[in-house]
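Please read them with the structure open beside you.

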Amino acid sequence: MNSAQLASALGDSLRDTRLIVVANREPYIHVRRTRPAKGVWNWLRGRRESVEVEWTRPASGLVTALDPVMRACGGTWIAHGSGNADRETADARGRLKVPPDKPAYTLRRIWLTPEEEQGYYYGLANSALWPLCHIAYARPVFDESDWQQYVRVNRRFADAVIEEVAGQRAVVFVQDYHFALLPRLVKEARPDVTVCQFWHIPWPNREAFRVCPWGEEILHGLLGNDLIGFHVQYHCNNFLDTVDRALESRVDYEHFAAWRGGRPTFVKPFPISIDPTLWTGPAKAGDRTAEVKNVRQALGLNGQRLIFGVDRLDYTKGIPDRLKAFGRLLERHPEWRGRVTMVQVGAPSREHLTRYQALMAEVESCVEAVNDKFKTDHWLPVIYRAEHHHPDALGQLYRAADVCVVSSLHDGMNLVAKEFIAARGDELGVLVLSEFTGAARELDMAVHVNPFAVDAFADALHAALLMPPADQRKRMRALRERVATHTVFDWAGALLQAACRMEAVR
Ligand code: G6P
């Protein structure tokens, strides 16, 4: 399914029903930038700088998927207004029409105080729920005042939803672990409204979840949904199992639903994906060859093979493990010294948190350890760039790579794996993929690795570098077929159509 097909499929179902998306991140951000002032007149008046307000769209899979739906159906997207020029571009209630250059739907921005953002986003969401659900051996931090802010912010977003629904029929589509309490709050106020949620991160087993001091409140909140989606069946099983153990409820394993207070919440897998058309790159073979040549030249490669990785700088992504495996490859297979380079891009993320600062320092020291041990006058084993890259630049790196490595210790899905596949119209290149990603369940023709097993990981890199082109092609064809037929539009379509069917029988 492509974006137009999705929009038309949902346009019919949503004709008399308002679609409301709730997400922490907004689809359009306004920022104020200071630039050198242009023109002689400014210069004569001594004005050296001018301030301009610009809008940008975050490079987010969720925005890519839902923005076309919202454009077609004209609903409301409710999000935290985090840009430094967001207030001046919205009305008194935080509303504006977007896209700013072609208004089609409403963005409603919620203003958070620094204390609310700290407690709800950095605290409860990213220091408690994120590590709790990922089980990547980072201890969750449970802080009562963070919890209070999380409750408060969920209440504030729920009030905005209720206000936006007004007297209409509506489907409310809630995103992620930032809003575990909101579905119940909306449902209590408006039992006639259909509420569904997608949980973009894993759901842990019930033993792991037990340590959460507010487990019951979180589950009670989530069971306010009519439908809750996870990436894979395994997370659905974990969720129902957790509910079964922790709450007074009836779990129906036959229909995959939990009943509480006389109404069901259905639980289903919806594997998220990408828009593959965004990653195709140059159409002509000659342009592709030139692109690869330019990338290799810009990296200073001199005939070396290229192993590539790109991630948010997050401790769940297994970046130190990948660097250690690369070092082990150079130890165990000295024939690769001087003949292979690893390029690692890390996009800074949640830098305010000490756990993320520690990860950044750890990655740097792992890079240094490999480089200090193996570098020569003519070869740097690891090139590391800790900065955001534009998707076009990433596409070029994907196409220039011999091997792309995704080594998450635990990941709900992982979209880098799918982007690499979509970028490889030449049907070459090898994906080395952690078996602990949701993506590994769909992408069985990738080379699967356990990132905790450093020697086996190093051997998998060795095998990937040696894989004959015919084998690469066979695997890449199968992987591309999967990504082409399971796009992010199929994901949004399946979930929202299920929600619309529930809405229709209400
Ligand atoms: C994960 C989460 C998303 C989140 C993204 C980026 O994929 O599931 O909800 O938006 O990380 O993190 P950030 O905290 O910057 O929004």
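1. Which residues form a nonpolar patch on the surface? The patch consists of Val-40, Trp-41 and Leu-44, which together have about 380 Å² of accessible area. Areas here follow the Shrake-Rupley method with a 1.4 Å probe, and for residues only the protein chains shown count as cover. Patch members have over 30% relative accessible area and no salt bridge, with like charges joined within 9 Å and nonpolar side chains (Val, Leu, Ile, Met, Phe, Trp, Tyr) within 5 Å; a salt bridge is a side-chain nitrogen of Lys or Arg within 4 Å of a carboxyl oxygen of Asp or Glu.

2. This is a predicted model, in which local features need pLDDT of at least 70 and side-chain atom pairs count only at pLDDT 80 or more, while totals for chains, interfaces and linings use all residues. Residues are numbered from 1 along each chain as its sequence is written, and side-chain values use heavy atoms, with hydrogens and water left out.

3. With a relative accessible area of 58%, Trp-41 is exposed; the classes are buried at under 20%, exposed at over 50% and partly exposed in between (1.4 Å probe, protein chains only).

4. Helix H12 (residues 354-374) has 21 residues and should span 30 Å at 1.5 Å a residue, which agrees with the 31 Å between its end C-alpha atoms; the expected span is 1.5 Å times one less than the number of residues. The buried residues of H12 are Tyr-356, Leu-359, Met-360, Val-363, Cys-366, Val-367, Val-370, Asn-371 and Phe-374. Because these buried residues fall within an arc of 125 degrees seen down the axis, they line one face of H12, the arc being that of the directions from the helix axis to the C-beta atoms. Their packing partners are helix H4 (114-134), helix H11 (319-332) and strand S15 (382-385), with contact meaning heavy atoms within 4.5 Å. Thr-354, Asp-372 and Lys-373 are exposed on the other side of H12.

5. Helix H10 (residues 285-298), with 14 residues, reaches 20 Å from its first C-alpha to its last, close to the 20 Å expected at 1.5 Å a residue. In H10, the buried residues are Glu-291, Val-295 and Arg-296. They cover an arc of only 130 degrees around the axis, so they sit on the same side of H10. Their cover includes strand S13 (305-312) and helix H13 (391-400), whereas Gly-286, Thr-289, Lys-293 and Gln-297 are exposed on the other side of H10.

6. Some backbone geometry deserves a check. Most residues other than glycine have a negative phi, and most peptide bonds are trans. The peptide bond from Val-98 to Pro-99 is cis, with omega near -10 degrees, and Pro-99 lies in the loop between strand S5 (95-98) and strand S6 (105-110). Arg-350, in the loop between strand S14 (340-347) and H12, has a positive phi near 45 degrees and is buried, with a relative accessible area of 13%. Asn-414 likewise has a positive phi, of about 95 degrees, and counts as buried at 6% relative accessibility.

Conventions: Helix = DSSP H or I, 4+ residues; strand = E, 2+ residues; numbered from the N terminus.
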